[in-house]
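Here are my notes on the model you sent. Please read them with the structure open.

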Amino acid sequence: MLQALLPILGPVVEKLVAMIPDPQAREKARAEAISQLLAAAQIQDAQQVEIDKIEAQSPDRFVSGWRPFIGWVCGAALAYTYLLVPLLAWTLTLWSPGTSLPHLPTDNLFELVLAMLGLGGLRTFEKIKKVAR
């Protein structure tokens, strides 16, 4: 959250620091404010990494299985859209003309799949570099 706010907080810090008349004190205050913001962002990142580690080690599939769940849902949605719908449409045309199948909006689905594949690529890179198990 803090990293998302850094672009907004930077100009605010600059405006506040600009009020200091002494140039050396102004520069010192700017450096301190920026270092405190970066330190807070690093602490937040480290805490999130620890939470992710704990979630990944959980035997409960409702805790550690959300990433695979999203992968399976995306895979099932793609299979439905590109395999089942054409086959079912062909079958329905033969046996029940005029029947239509539900349409699955795929614009957001592709964004999610591509994001997951990107993360999967990073995971593969980690495994090649022997950083991850």
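1. Leaving aside neighbours within four places in sequence, arginine 30 is in contact with Glu14 and Val17. Contact here means heavy atoms within 4.5 Å. Arginine 30 lies in helix 2, residues 23-57. Helices are DSSP runs of H or I with at least four residues, numbered from the N terminus.

2. The model is predicted: local features need pLDDT of at least 70, side-chain atom pairs count only at pLDDT 80 or more, and totals for chains, interfaces and linings use all residues. Residues are numbered from 1 along each chain as its sequence is written, and side-chain values use heavy atoms, with hydrogens and water left out.

3. Is arginine 30 buried or exposed? Arginine 30 counts as buried, because its relative accessibility is 19% and the cut-off for buried is under 20% relative accessible area (exposed is over 50%, partly exposed in between; 1.4 Å probe, protein chains only).

4. The side chains of arginine 30 and glutamate 14 are joined by a polar contact of 3.0 Å. A polar contact is a pair of N or O atoms within 3.5 Å; within protein, one must be able to donate a hydrogen and the other to accept it, and residues adjacent in sequence count only if both atoms are side-chain atoms. Arginine 30 and alanine 18 are twelve residues apart in sequence. Their C-alpha atoms are 9.0 Å apart in space.

5. Threonine 81 is in helix 4. Threonine 81 is buried, at 18% relative accessible area. A polar atom of its side chain lies 2.8 Å from the backbone oxygen of alanine 77. Not counting residues up to four places away in sequence, threonine 81 touches Pro86, Leu104 and Thr106.

6. Now the surface. Tyr82, Leu83, Leu84, Leu88, Phe110, Leu114 and Leu117 make a nonpolar patch of about 710 Å². The elements giving two or more residues to the patch are helix 4 (66-95) and helix 5 (107-128). Helix 4 gives the most, with four residues. Patch residues have over 30% relative accessible area and no salt bridge, and nonpolar side chains (Val, Leu, Ile, Met, Phe, Trp, Tyr) are joined within 5 Å. A salt bridge is a side-chain nitrogen of Lys or Arg within 4 Å of a carboxyl oxygen of Asp or Glu.

7. Phenylalanine 110 is found in helix 5. Phenylalanine 110 is partly exposed, with a relative accessible area of 31%.

Methods
Patches are made of residues with over 30% relative accessible area and no salt bridge: like charges are joined within 9 Å, nonpolar side chains (Val, Leu, Ile, Met, Phe, Trp, Tyr) within 5 Å. Accessible areas come from the Shrake-Rupley method with a 1.4 Å probe; for residues, only the protein chains shown count as cover.
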